[in-house]
Amino acid sequence: MKTVQKTFAAAVAGTCSLWLVVVPAGPARAAVECPEAGPAVCGEKSGLVPAHKDFIHATLIWNKKYSTCPNMLVWMRPSEYKPKHYLNAPVPGSNVFPGFNQKYIELVQGGFGLGQLDESGWSRYGPDLERENAQLLDVCGLQSMIDTGVFTRNAIADLTSADISSTDRFFTDAGFSRGLGYNLFCNGHVSGVDGRIYVVGLHDKGGNNGGRKINIFDPKAEAWVPRPMPCVRIGYEMDPTGVLSHCDPLNENNTDPPTPSDLKYQRWYPTAVTLPDGRILVLSGSDQDTSVGPANAGSTKVRQGVPEVYDPKTDTTVALENAWKQLPMYPRAFVVQTGPNEKDWKVAVTAEVVPPLPGQPGGLNIGGYDPFFYSGNTYLLDVQGALADPLVATRAQNHWTFVDTAQNGHDSGAGVLMVTIRADGTWSQEVFLFGGSSGGDTPDSAVAETIDFSSATPKWKPLASLIQPATQNNVVALPDGKLLVVGGASGRTNSLRYQMFNPADGSRTDLVSSPVPRHDHSTALLMPNGAVWVMGGNRVNLIPGSPQTQAQRDAAVPVIEQYKPPYFFKGAKPVIDDAPASIRHGNKFKLEVSGTEVASVTMIRTGPITHNWTWGNQYVKLPFAQQGGKLEVTAPPLPGLAIAGDYLLYVVGRNGAVSDGRHLVLKLMSDPEPD
Ligand SMILES: [Cu+2]
């Protein structure tokens, strides 16, 4: 849960749609107005696509049987239950939120309450109550329906039950029925080099309580890798009315039973980063001691400063006690290549906790939601050095190298990494951050900035500002190398207008507007056809109006909006006629392309994303040689430039049009599986 309780930053009216050029300084471009300038400038948005569940955590998953069509795995809170478990039964025929089930609060939550966020389980669409909060979505099926143009409504309140039921057939349960026993909400998650989805930490007892589990979704089995089912979950399944005696939910052995794969530290809101060798780094996260009960748990809150490394091969973790540093929740962290050799990589982290700490003069109350202040101090963490250190188990603050300081801590602001590999073998590795805040009660920011970690002395540089201050926005790297920023809010001012940033000159173009506020828990994911699905958010906040009335919350329905960027409207699309299914670092591979001349070839990782945390959207531009429709493309030369795993491969034409994406697996050189 991420609540917006900030002093209002000066809201800037979101009506201007000029090209703003900040870097490099130069003459302003001709003004354009969207949507009047047309879709070739502004792109185009679909009507609302009802989607039944809140797409708060979302990733594409690939199975050999879907050579071109992925499923999307999505989940919300509580991931291992259905809304019928924690909501009272609705009054027949009514659209009124019937409140929370007190037995569930007693037996599962240990008396910790449920809140506005849990109202997201409520929907005026009755069948949703019987569905698990983790779902698999048939992407190609729903895409085909979107392509018919049937979704034309632009206000959630106008959706009918027929609209909502029309997408039912594309969803299947993917929670408890597929082996999930834990609440995977506000967790770190990444796709591994093996295509599995790794979810680190837990979120339990309504909020703030972290967990130790590493939960893994296996796309081939379409199931969760078995972990011990918590006693509390089993008990509730057998006896939801509490007639029998139940395990004590305040005893964490009953909600997070210990296993060898567990993290040493319990975490809620950690960041996970897949490392070039396939291991997974875990950073930060919060926890509190819920065994002391709801009245006292808040004062026990801690921010975990010890990184951990999980190894999927051994299903074990190592704590890097020697590399302690306090970071924001969900710190923005990216692998960067730091030299010419395979092991020359580190992990860039773009903010840290700064004084005053909770309890210090000027500090915040430790019981608050996020009681820390942050700076934009940017570091490289030497994970390999910390692991090889004989003093790995001794608490110290080593193995971090200071790089530069960003203008803002960018806490809860959108961030993304773009890698460009050039024909001469050099590369750039640019991180972009948009908005957010420096934590505590500092104002939300409109600052957008970038840093290139391939520079000998990386320095943050400003881009054009966001159209208005915003936190909890999302950025999507697009195949043509542009950055789409959607959603976010500052206080009660929603950022409804889509914005496009051009990394080449730092400029911003203001695009179409959305009728749906998307901030807390919203997501945006690039799809195989090159469109972006804008999703998620807290269901009760999706109908504009502030504060929401209960009637507005009751009328809310989750919706996807499909956004087609301007490259859909540039003429003939290039067509990838032939491409390999998999490649390895350093190899060359052949592409056959027709339809138009090729300007660039890019591969973009296919998730996951949550909470403006776009690790899973990593963009990699590849060098190529061209002869007619035949291309010889050079795969990323080093694993620190592109982590092995699932990507979509796109070709951009000289006319600016973008091909459909082709699923491409980037393999480690050591992967024994044949290509
Ligand atoms: Cu959250």
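Student: Which residues form one aromatic cluster?
Tutor: Tyr-81, Tyr-86, Tyr-104 and Tyr-236 do. Rings of Phe, Tyr and Trp (its six-membered ring) pair if their centres lie within 6.5 Å; planes under 30 degrees apart are stacked, over 60 edge-to-face, the rest tilted. Keep in mind that this is a predicted model: local features need pLDDT of at least 70, side-chain atom pairs count only at pLDDT 80 or more, and totals for chains, interfaces and linings use all residues. Residues are numbered from 1 along each chain as its sequence is written, and side-chain values use heavy atoms, with hydrogens and water left out.
Student: What lies over the face of Tyr-81?
Tutor: Arg-233, at 4.1 Å from the ring centre. The rule wants NZ of Lys or CZ of Arg within 6 Å of the ring centre and within 35 degrees of the ring normal.
Student: OK, how many aromatic pairs by the ring rule?
Tutor: The count comes to 19. Take Trp-268 and Tyr-269: their planes are at 50 degrees and their centres 4.8 Å apart, so that pair is tilted.
Student: And is Trp-268 buried or exposed?
Tutor: Buried, at a relative accessible area of 1%. The cut-offs are under 20% for buried, over 50% for exposed and partly exposed in between, with a 1.4 Å probe and protein chains only. Tyr-269 is buried too, at 2%.
Student: Switching topic: which residues does Ser-582 touch?
Tutor: Leu-664, Val-665, Lys-667 and Asp-675, leaving out residues up to four places away in sequence. Contact here means heavy atoms within 4.5 Å.
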